[in-house]
Structure formats: structure tokens, C-alpha cells
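Here is a short briefing on one protein model. Topics follow one by one, with cut-offs given where terms come up.

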Amino acid sequence: MAVKIYNTLTRSKEELKPGAPPLVTFYVCGPTVYDYIHIGNGRIFIIFDVVRRYLAYRGYEVKLIQNYTDIDDKMINRANEEGITVKELADRFIQAYEEDVGALRVRPADIKPKATDHIPQIINLVERLIENGYAYKTNGDVYFDTGSYPQYGQLTRQNRDDLLAGARVEPGEKKKNPLDFVLWKQKKEGEPAWDSPWGEGRPGWHIECSAMSTYYIDDALDIHAGGADLIFPHHENEIAQTWGAEKRPLARYWMHAGYLNIEEQKMSKSLGNVLTVRNLLKEHDPFDLRFLILSAHYRSPLNFSDELVAQSRSGRLRLQEMVNNLLSALDSAADTEGEKEKVLRKELKDAKTRFVEAMDDDFNTADALGVIFDLARSINIYLNEAYPYNRELLEEALRYYRDVNDIFELLDISEPESLDDEIADKIARRDKARAEKDFATADQIRDELLERGIILEDTPHGTRWKKK
Ligand SMILES: [Zn+2]
């Protein structure tokens, strides 16, 4: 069995064959740090974090690079509006980004390069593009000459005429062809700028990812990923730049995450329905947001609404409750072996296989969640019907949910707790009282324990407890 990835470049699912296994080099285009991220961005970072974790689960050594775009028009405009420097703006929103995705349980990338820390690498790349005949200078700006690269449009799968129809020339731009894109921009009054062979200026947006990925990984990346909105022009341009300078592909596999809509509408500033992660986290549990996001395939559009978050929450809490029951059942487990154990053991084994099959198939988290729920149902049946429980089987089930949670991170699975002797003694006294039909004493002990945060649940097989 092998991991299969839907490669946007070939529009087909392909077996993952990294250049130097078990290493997988993985580059995700990061945020432009001029504002708080919205939940559509959040979805993308959660998805690729889960992809990264799953590849690690499958034995790969994943090296994840995710950049910060800390210089571009949006950065400059916003900094001017606020009367602060671009650097101050970047520092503020890099910190906000790290707080927000951290709260969403996205693990930090291994390398987090900033564009402004890589100006020499960017200049060097642009110089080589000029030398190789792929770029030209006009008026202090440098452009990529898309006419010099016949494969331009390969990722977008559109021919040059179609692409041309949508291309725009901004006022002041002097391009040979409207599809050409800027690599280096001449300094304008009041803008941050760096010295270059073409005069003072700053990089265009697309060039940084080609420059930084090559700087950190001197070979084609195994996986390059981002939101579907980056396919054109950003990723198309990255491919052209890297080919022009290095004469090799930028990446082997291209992954793109689908759009997120708010109540069936596109999220946009003009509709006023942009939901920042920061605001959503004031009302919602991050686990519930993750659950909703992972319940759809990553390439599909995802609809987002408060109602759907609430539904996700109730589904997720059923899983959480099963795990809590598993944890407390361990307290009374023994080494029973019978038909019920045989059934559950087989279901556990099947679930492990089916989970990997779903995730190997282009990271189908929706199907994988289905597998986890099916198994939870079987475990609940076992906990209700089999008693005493088989300790080794409960531990194996718990270990499995821990492994899965290490990839999806939807649940709180703390170490099995044991009761202190005094509380265990109280539960035993209450069981005895109940057996003697002394319900007044039993209720009194229940209330005492409740005050100490222990909730008791009476089952046909005795008393289960959980912490409040
Ligand atoms: Zn990029």
C-alpha cells in the first residue's frame, strides 16, 4: 500500500514517490502577514498540517517549509494606513498568525522563512533568469517573459490565449506581453527598498517561493501546496521561474485545497462575511472547527455555518464520550476472553486497515472519520454488553485512538486517571448501600462525590465514574 496524492499538475491520483525517501520535502505557501487570517486560510493550514502528520504516521520524515510574505502591495498599503512601518506590521501579524493557528492546533513548520530575509537569494534568482533569457528589464522593473517559456499554463491547463484574455496591465507597467509578471519592482516614494543591480526596489510576490524553496531544498520539492486560488497565477509563475533558473521542475506533486464558503456564499470583504479565526475562537472550541474542516474532503468546497459547527460538536462529543468511557472502564478491566472480545478485536483490526486505506487515498479525512465512528459504535456496544472487560483490548483501542488523534487532534485523551483510595472507597460504600437498597446513603455519597468533581453513572455492571 502506498500513499496516493491527487496531483494538480497531471489532474490524476499518483503514488507518492519522494526523491529521497523516507524524506518528504513539503512547501506550503504561507500567509501575507497584513491582517488576521480567516477561517478559509485556517482550513488550508489545518489540512496540510494533517497531511504532514499523516505522512509522518506512514513513516516518512517530513520537512515542512512555510513562508511569510512580509513585503508586497497589501503590506505597504496597510502599514501606510496604520502609520507604522512594514516591518512593524509584519511582526504584529506573524505573531497573530502563530497564535491563531497554534490555537487551531496546527504545528509550526520546520522552516519559516520570511521574504525580506532572503533578498540576496531573490536577486540572484532574478539575475539568472535574465542571463538565461527568461526575464527582461524595463524602467527599473524586471519582468518574467512568459513568451520564452512554451509550457506556461501547464498547471492551470489553459492555453495562452485563454490566459491572455484574463490578463491585466496595471497603469505604469511596461510589459512586452500582458501575461508577463513582475520579478522586481522599482522603488516608489515612501516604500521599503533594497539595492539591486537594477536600482533600488523590492521583489514581486511570486519570486520569493522559488528563491526560498531552492535555497532550503536544493532539488525539486516533493510536495508543493496551497489554496486552489494560488494555482493561477502564483503557482504557474513559480514553476516558470524555477524552470528558467534551475532547468528543473519546482515540485513533483502539487496539492490544492478547495474553497470555504460561508452559508453557501463566497467569503469576501464586500459581502462583509469574512470570519477571522481569532473571532471564531471566541465562540467555538478549536476541536469543533477542526472536526468540521476534516469532515469534508480537502479538495471539495466546504460550507461553513454556526449550525454546521454545532453539528460537528455533537458528533465529536460522542467520540469524546466513548474515549472517556474507555478510560474509566480500564479501572475495572480484567483478562476476560470470549466471543465479544473476538468480535471487537477483529473490528479494531479492520478499522486500522480501513483508516489507512482512506487516508492513503488522497487523504480522505471524511472516510477516515467514518471509520473512527464505526469503531466507536462497536466499542460502545462492547462496553455495554461485555463485562468484565479485557484490559489488553481496551488498552489497544485506546492506543489506536491516541494514534488517530495524533493525526487529527479532535479529542482530549489524557492519561488514564486512577481514583485516589478515599474516593474509590466511597464508590464501594455506595455500591454496597445500593445493593442493600439504602438509597438515601447512596444518594448522599453521590452528591458528595459530585461536589468533588466526580460524576457517577450506574450501569448493569456496576458504577462508572468520570471527572466533570
Ligand atoms: Zn508561494
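Where is N364 found? N364 sits in the loop between helix 11 (339–360) and helix 12 (365–385). This is a predicted model, where local features need pLDDT of at least 70, side-chain atom pairs count only at pLDDT 80 or more, and totals for chains, interfaces and linings use all residues. Residues are numbered from 1 along each chain as its sequence is written, and side-chain values use heavy atoms, with hydrogens and water left out.

**Overall**
- The protein has 15 helices and 15 strands. Both are DSSP runs numbered from the N terminus: helices are H or I with at least four residues, strands are E with at least two.
- Its C-alpha trace spans about 95 × 50 × 35 Å along the principal axes.
- Of the 468 residues, 51% count as buried (under 20% relative accessible area, with a 1.4 Å probe and protein chains only).
- Take contacts between residues at least 6 apart in sequence: 75% join residues at least 24 apart. Contact means heavy atoms within 4.5 Å.

**N364**
- N364 counts as buried, at 14% relative accessibility.
- Leaving aside neighbours within four places in sequence, N364 contacts H297, A358 and M359.

**Zinc site**
- The protein donors of the zinc ion are C29 (SG), C209 (SG), H234 (NE2) and E238 (OE), 2.1 to 2.3 Å from the ion. Donors are N, O and S atoms within 2.8 Å of the metal (3.2 Å for Na, K and Ca); water is not among the atoms, so sites may look incomplete.
- Along the chain, the zinc donors follow the spacing C-x179-C-x24-H-x3-E.
- C29 lies in the loop between strand 3 (23–28) and helix 1 (39–57), and E238 in helix 7 (residues 231–246), so the pair ties together parts 209 residues apart in sequence.
- C29 is buried at 7% relative accessible area. E238 is buried too, at 0%.

**Cavities**
- The whole structure holds three cavities of 30 Å³ or more. A cavity is a set of points, on a 1 Å grid over the protein atoms alone, where a 1.4 Å probe fits but cannot get out; lining residues have an atom within 4 Å of a point.
- The largest cavity has a volume of about 50 Å³. Volume is the space filled by probe spheres set on the points, which are joined across faces, edges and corners.
- L319, I372, Y401, V404, N405, F408, L410 and L411 line the largest cavity.
- Helix 13 (residues 391–408) gives the largest share of that lining, four residues.

Key: Buried means under 20% relative accessible area, exposed over 50%, partly exposed in between (1.4 Å probe, protein chains only). On a 1 Å grid over the protein atoms alone, a cavity is a set of points where a 1.4 Å probe fits but cannot get out, and a pocket is an open set with protein on both sides within 12 Å along at least five of seven lines; lining residues have an atom within 4 Å of a point.
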